[in-house]
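Here are my notes on this one, jotted down as numbered points. Have the model open while you read.

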Amino acid sequence: MAFNGGVKGAAKLLAGLDPVSRQRLFEELAKKDPKIVEILKKNMVSMEDLILLTVKMIQDLTREVQMKDLGMALRTEKEDLRDHFLNNISKRMKEEVEDVLNGPPQPLSKVQEAQEKILSLIRIKMEKGEVILSKDSKDRLV
């Protein structure tokens, strides 16, 4: 991964570290600037990064999120991300998600709230080592 700089670039680099090393770095950074740690954690993962989730990771995630939240979160996302999720969940879940995706217009704040629920859960799973977002398939959990 090329380093583009800034908070988002640093956060993406940190996301690629193993959980133990990442936590150690966060602890050191927190001694100097606790706010930057929170900013980095928040920027470690974006909705676009969820295209890197394996089928197993998607299935684990769907056990912990409501399908209406998933549908709402995917409303503003690209078709390839939507398809990635819809093709890797059960038919019943897919129908629930599509009902929300194809439902009436919703306020952007509602979409962003649903996205933050999902991203927050992904960040927790990353800290536990349950999710690794990597373009390199050998690093991905199966």
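1. Let me start with the second largest pocket, which has a volume of about 160 Å³. Bear in mind throughout that this is a predicted model. The residues lining the second largest pocket are Lys8, Lys12, Lys42, Asn43, Val45, Ser46, Glu116, Leu119 and Arg123. Helix H1 (6–15), helix H3 (34–43) and helix H8 (108–128) are the elements that each contribute two or more residues to that lining. H8 has the largest share, with three residues.

2. Lys8, Lys12 and Lys42 are among the lining residues, and so are Glu116 and Arg123.

3. On to the fold. You'll find eight helices and zero strands in the chain, so the pattern along the sequence reads α-α-α-α-α-α-α-α. The radius of gyration is 16 Å, close to the 14 Å that the globule rule gives for 142 residues, so the chain is as compact as a globular protein of that length. Along the principal axes, the C-alpha atoms fill a box of roughly 45 × 35 × 25 Å.

4. Some whole-chain numbers to go with that. Of the 142 residues, 39% count as buried. Among contacts with a separation of 6 or more, 72% are between residues 24 or more positions apart. The chain exposes about 8700 Å², and carbon and sulfur atoms supply 53% of that area.

5. Now the inside. Rolling a probe the size of a water molecule over the atoms shows where empty space is left. How many cavities of 30 Å³ or more are there? The count comes to one, and the largest cavity has a volume of about 40 Å³. Met57, Asp60, Leu61, Lys125, Glu130 and Val131 line it. Helix H4 (residues 55–62) gives the most to this lining, with three residues. By class, the cavity lining has three nonpolar and three charged residues, and no polar ones.

6. Take a look at Lys41, which sits in helix H3. Is Lys41 buried or exposed? Lys41 has a relative accessible area of 19%, and the cut-off for buried is under 20%, so Lys41 counts as buried. Setting aside neighbours within four places in sequence, Lys41 is in contact with Phe26, Arg123 and Glu127. Of these, Arg123 also turns up in the lining of the second largest pocket.

7. Last stop is Glu64, in the loop between H4 and helix H5 (67–74). Glu64 has 47% relative accessibility and counts as partly exposed, because the exposed class begins over 50%. Not counting residues up to four places away in sequence, Glu64 touches Leu121 and Lys125. Lys125 is also one of the residues lining the largest cavity. For a sense of distance, Glu64 and Gln112 are 48 residues apart in sequence and 18 Å apart in space, C-alpha to C-alpha.

Conventions: Residues numbered from 1 in each chain as written. Predicted model: local features only at pLDDT ≥ 70, side-chain atom pairs only at ≥ 80, totals over all residues. Heavy atoms only, no water. 1 Å grid on protein atoms, 1.4 Å probe; cavity = no way out; pocket = protein on both sides within 12 Å on 5 of 7 lines; lining within 4 Å. Points joined across faces, edges and corners; volume = space filled by probe spheres on them. Helix = DSSP H or I, 4+ residues; strand = E, 2+ residues; numbered from the N terminus. Rg over C-alpha atoms; globule rule 2.2 N^0.38 Å. Buried < 20%, exposed > 50% of the residue type's maximum accessible area, 1.4 Å probe, protein only. Contact = heavy atoms within 4.5 Å. Areas by Shrake-Rupley, 256 points an atom, 1.4 Å probe, with all protein chains shown as cover. Nonpolar A, V, L, I, M, F, W, Y, C, P; charged D, E, K, R; others polar.
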